[in-house]
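User: I would like to learn how to read a protein structure. Please take me through one.

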Amino acid sequence: MRGTKVHRMPAFSEPSFVDRLLGWYRQAGRDLPWRRSPTPYQVVVSELMLQQTTVATALVRYSRFLQAFPDFPSLASATEDEVVAAWAGLGYYQRARHLSRLARQVEKAGLPKGEAAWRRLPGVGPYTAAAIVAFAEGGRTLAIDVNVRRTLSRLLALKDAPRLDVAIRSAIEPALPADSGEVNQALIELGALVCRPTRPSCPSCPLAEICLGRHQPELYGHGPKKAAVRDERIQLVAVRRRGRLLVRQRTTRLLEGLWGLPAAAAGELGLPDGVQGGPVLDTSVQFTHRFTHRRWQVRCTVVDGDGEGHWIDPRAPDVALAGPDRRAVEMLVAGGYIDG
Ligand code: ADE
């Protein structure tokens with residue numbers, strides 16, 4: 001058919017694509033807690049977490065989060081700030097807010113079923129909706145995140161193009177079993193362990209024999225260009241009083257609702273609004289904190305003083321500090337700056 005591109009699975013010999021993949025996954029796949037017969041709630045929590053952090057971090061944070069909020073009702077009855085606090089350190093707090101709103105909607109309107117219904121909830125995109133259906137509803141679908149996209153683009157030798165996911169889906173979905181959860185986990189696993197972004201381990205790949213991109217894997221799966229990262233200089237001020245530090249709740253969108261040290265104008269050793277004291281002591285607490293689209297060059301000064309806000313014990317803060325602030329406080333404690 002001239003001008004029409006038809007993507008099909010390569011004419012696979014036996015064993016089938018699915019059998020090869022599952023044969024490998026059942027012996028090489030990791031036993032991760034969110035893979036053990038998860039509920040929709042557990043899939044929502046784990047997949048949102050895994051979109052932001054590594055498996056190693058998610059292993060710790062997932063069980064902690066489930067202890068605090070074991071199901072939709074417990075999450076729905078918590079305040080948005082409590083959910084954000086439980087999410088602290090995982091970054092991108094908008095997700096925690098979405099999660100809180102999502103739980104309330106589920107409590108009000110009942111558990112959705114099917115991808116289209118899940119996608120109407122806050123924070124649920126095509127990947128998460130497909131993951132819920134595959135992992136918790138036992139449906140047939142393909143959950144395509146960046147790693148699965150890369151793996152399958154290589155398998156099918158599909159270069160980045162508009163509607164790439166549509167092409168991948170049309171080639172792969174017909175080959176999936178009705179209950180596609182395990183195959184989806186296996187694809188995620190293959191992308192993480194074998195078909196890595198750089199230096200994929202083709203010799204140990206269960207799909208190497210049928211992979212159309214194996215001779216030039218680097219040609220495929222780069223995805224859209226990343227947005228530029230903006231550098232910002234941030235001047236934090238640790239206001240000390242009797243071994244305690246002053247913190248305030250942040251109101252900017254990036255870290256809204258989390259607590260942090262007051263900030264002064266960048267590059268100035270001055271005092272933030274609403275803080276009295278002095279003299280200001282420059283510290284050796286300096287570090288870079290990376291967000292998805294921003295990079296903070298943080299510098300921290302210390303002042304003995306007073307001000308409006310909440311006073312924490314820096315060794316055991318009783319509020320959820322934002323990532324950079326937590327790091328600054330830990331460095332101040334380690335550097336002996338707290339007790340004067
Ligand atoms: N990354 C995204 N989803 C994942 C999953 N279910 N298991 C491991 N890593 C993941």
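User: By class, how many residues of the shell around the ligand are nonpolar, polar and charged?

Analyst: First, the ground rules. This is a predicted model, where local features need pLDDT of at least 70, side-chain atom pairs count only at pLDDT 80 or more, and totals for chains, interfaces and linings use all residues. Residues are numbered from 1 along each chain as its sequence is written. Now the classes. Ala, Val, Leu, Ile, Met, Phe, Trp, Tyr, Cys and Pro count as nonpolar; Asp, Glu, Lys and Arg count as charged; the others, Gly among them, are polar. Here the shell has six nonpolar, one polar and two charged residues.

User: Which residues surround the ligand?

Analyst: A residue is near a molecule if its C-beta atom, placed from the backbone, lies within 6 Å of it. Around this ligand we find L32, W34, E47, L50, V55, D145, Q185, I188 and A192.

User: Which helix gives the largest share of that shell?

Analyst: Helices are DSSP runs (H or I, at least four residues), numbered from the N terminus. The largest share, three residues, comes from α11. Both α2 (40-50) and α11 (181-193) supply at least two residues each.

User: How many residues of helix α9 are buried?

Analyst: Count neighbours. A residue is buried if 20 or more other C-beta atoms lie within 10 Å of its own, with C-beta atoms placed from the backbone. Helix α9 (residues 146-156) is mostly covered, with nine of its eleven residues buried. Among them are V148, L152 and L155. The buried residues of α9 pack against α10 (164-172) and α11. After α9 comes A157, with a positive phi near 50°.

User: How many residues does the largest nonpolar core have?

Analyst: In soluble globular proteins, nonpolar side chains tend to be buried together. A nonpolar core is a set of buried Ala, Val, Leu, Ile, Met, Phe, Trp, Tyr and Cys residues joined through C-beta atoms within 7 Å. The largest one here has 82 residues, and I132 is one of those with the most contacts inside it. Helix α8 (residues 126-135) gives the most to this core, seven residues. The core draws at least three residues from each of domain 1 (17-219) and domain 2 (230-334).

User: How far apart do the C-alpha centres of those domains lie?

Analyst: Domain bounds come from an automatic or database domain assignment. The C-alpha centres of domain 1 and domain 2 lie 35 Å apart. Two residues are in contact if their C-beta atoms, placed from the backbone, lie within 7 Å. The contact between the domains takes eight residues from domain 1 and ten residues from domain 2.

Note on methods. Buried ≥ 20, exposed ≤ 12 C-beta atoms within 10 Å, placed from the backbone.
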